[in-house]
Amino acid sequence: SAVESGGPGALVFVDKADFISQVANNRPTLVVTSEKLRGALAEISGVCVVVAKSVPLAHAFLKQKFGGRNYAASGWEGLHPSAVVHPSAEIASDAVIEPRVVVGANTKVGSGSRLMAGVVVENDVQIGSRVVIHPNVTVGYGTQIGNDVVIEAGTVIGSEGFGFAQDASRKSHAIPQTGIVVLEDRVRVGAGCCIDRAAYEETRIGAGTKIDNLCHIAHNVKIGQDCLLTAMLCVAGSTTIGNRVITSGQTGILDHMKVADDVVLLHRAGVTKDVEKPGAYAGLPLQPLGDYMKNQAVLRNAVELRQRVSDLEKK
């Protein structure tokens, strides 16, 4: 339960001292907490206290085990009669294909995977084991999806990359995008995202990377492992992003950029040149976070400073 409402019979997670009074009032049965807060919580009668090295990790693992979504509760099992599956497709015997799913030619769906209602999977797609694809997702031809991947509702994987050539009269002519998209193991793609197929070769999302809702990844982008990319990220074509990169909302990255491992991009960061060193950066033009914060502090007083300069010039 949430710590604010969890009473007798509930398990709650407490990693801040601010929540101790709520535990005292609500008296949940079990509290998972840190070593630092153990003493204060142990004084509350009738509450069992379990200490974890990392409360957020304990939250993740315990809720996955005992409180995660039960997909079987949807009531759909096996291959639904309304699904359209090409005769050449290979579907694991324990996979679940929900109503009105379309599975194209030569596609493979691995053990324990679930394609939820309205999913469209085109031809020559490979889907690994324990993959969950939520309703109304489109997976374009040739896409390769690893194991334990989650794709949320309404996302498009393998959409046509944005490639055009213009003639002398500025009319645009499409350059066919004939590459693929690869999602490695444990990738999570949020709702309403678009990941474009490559012009040639592949667009690749590294193992363990988590992408929030409403993000756009353009053709031939390479994203490393265990990145956390939050909502409205836009990455232009042929950019390479390293491992463990974190981006805050509305980050924008130009094409053909390189972002090093262990970079954090904040405050609507705009990447217009390579980021070569790990660290936190913010703003447009992009600056190290410390410089950005100092400059923002000065800007807040810019009108006053301008007036003072004007007065000094007059004197």
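Helix α3 gives the second largest pocket the largest share of its lining, six residues. The structure here is a predicted model, in which local features need pLDDT of at least 70 and side-chain atom pairs count only at pLDDT 80 or more, while totals for chains, interfaces and linings use all residues. Residues are numbered from 1 along each chain as its sequence is written, and side-chain values use heavy atoms, with hydrogens and water left out.

A pocket is an open set of points on a 1 Å grid, where a 1.4 Å probe fits, with protein on both sides within 12 Å along at least five of seven lines; lining residues have an atom within 4 Å of a point. Volume is the space filled by probe spheres set on those points. Helices (H or I, at least four residues) and strands (E, at least two) are DSSP runs.

Back to that second largest pocket: its volume comes to about 270 Å³. It has 14 lining residues, and Ser1, Leu11, Phe13, His59 and Lys63 sit nearest its centre.

The largest pocket has a volume of about 370 Å³. Here again α3 (residues 55–66) brings the largest share of the lining, this time four residues. The lining is made up of Ala60, Phe61, Lys63, Gln64, Gly68, Arg69, Tyr71 and Val132.

Now for the charged pairs. The whole structure holds eight salt bridges, each a side-chain nitrogen of Lys or Arg within 4 Å of a carboxyl oxygen of Asp or Glu. In one of them, Glu35 meets Arg38 at 2.9 Å, N to O. Both residues belong to helix α2 (residues 35–42) and stand three residues apart, about one turn of the helix. Arg38 is partly exposed at 39% relative accessible area (buried means under 20%, exposed over 50%, partly exposed in between, with a 1.4 Å probe and protein chains only).

Other pairs reach between loops. Arg186 and Asp226 meet at 3.8 Å, N to O. This pair links distant parts of the chain, 40 residues apart, with Arg186 in the loop between β19 (180–183) and β20 (188–189) and Asp226 in the loop between β25 (222–223) and β26 (228–229). Arg244 and Asp262 form another salt bridge, at 2.7 Å, N to O. Arg244 lies in the β28–β29 loop and Asp262 in the β31–β32 loop, so the pair ties together parts 18 residues apart in sequence. Finally, Glu184, Glu202 and Arg204 join up in a network of salt bridges.
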